Amino acid sequence: MKLFLAVVLCVCVAQAYADCGPLQRFKVKHQWSEAFGGSHHRIEFGLKLWNSIFHDHPDLRGLFKRVHGDNTYSAEFEAHIQRVLGGLDMTISLLDDQSAFDAQLAHLKSQHAERNLNAEYYTEFNEHLLGVLPDYLGSKLDFAAWKDCLTMITDGIKS
């Protein structure tokens, strides 16, 4: 019975990763490096993302009191942007190294567990990220690959 449950679990995990396969992972990694860029461009990207989220969900600002979510242009919130997107950047960079990727997801999950975030927030983050990416990638954006890989990432982080 234990062996059967272990096999079923492995099949479920493999199926969850199937939609974000090797080609999708390669595309997401390549497109992310182009969209996220470097230096001040990263802050611009993050401001666009978070301002979009707060525009549609102003009530979420309250979750970010500690980092001055009421002012996305504050140094504290810009540092928060860099931490969040830095974590996403690291996670995406590990898409082709399964064991390191899994360890990164476990680390992020442990960080987010103490915050007891609503699962819907991850969906909102993904939707807004998918809304910002076309501004940087245009028609090169592989929306399906991004949706599948982001879902896999956020599902791995949700508590």
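Helix α4 (75–93) supplies seven residues to the lining of the largest pocket, the largest share of any element (helices are DSSP runs of H or I of at least four residues, numbered from the N terminus). The model is predicted, with local features requiring pLDDT of at least 70 and side-chain atom pairs counted only at pLDDT 80 or more, whereas totals for chains, interfaces and linings use all residues. Residues are numbered from 1 along each chain as its sequence is written, and side-chain values use heavy atoms, with hydrogens and water left out.

The largest pocket holds about 880 Å³ of space (a pocket is an open set of points on a 1 Å grid over the protein atoms alone, where a 1.4 Å probe fits, with protein on both sides within 12 Å along at least five of seven lines; lining residues have an atom within 4 Å of a point; the volume is the space filled by probe spheres set on the points, which are joined across faces, edges and corners). Among its 29 lining residues, Phe-64, His-80, Val-84, His-112 and Leu-117 are the closest to the centre.

The largest nonpolar core comprises 41 residues, of which Phe-45 and Trp-146 touch the most other members (such a core joins buried Ala, Val, Leu, Ile, Met, Phe, Trp, Tyr and Cys residues through side-chain atoms within 4.5 Å; buried means under 20% relative accessible area, with a 1.4 Å probe and protein chains only). Helix α6 gives the most to this core, with eight residues.

Trp-146 is among the buried residues of α7, as are Cys-149 and Ile-153. Beyond its neighbours within four places in sequence, Trp-146 is in contact (heavy atoms within 4.5 Å) with residues including Trp-32, Ile-92 and Leu-133.

Notes
Helices (H or I, at least four residues) and strands (E, at least two) are DSSP runs, numbered from the N terminus. Buried means under 20% relative accessible area, exposed over 50%, partly exposed in between (1.4 Å probe, protein chains only).
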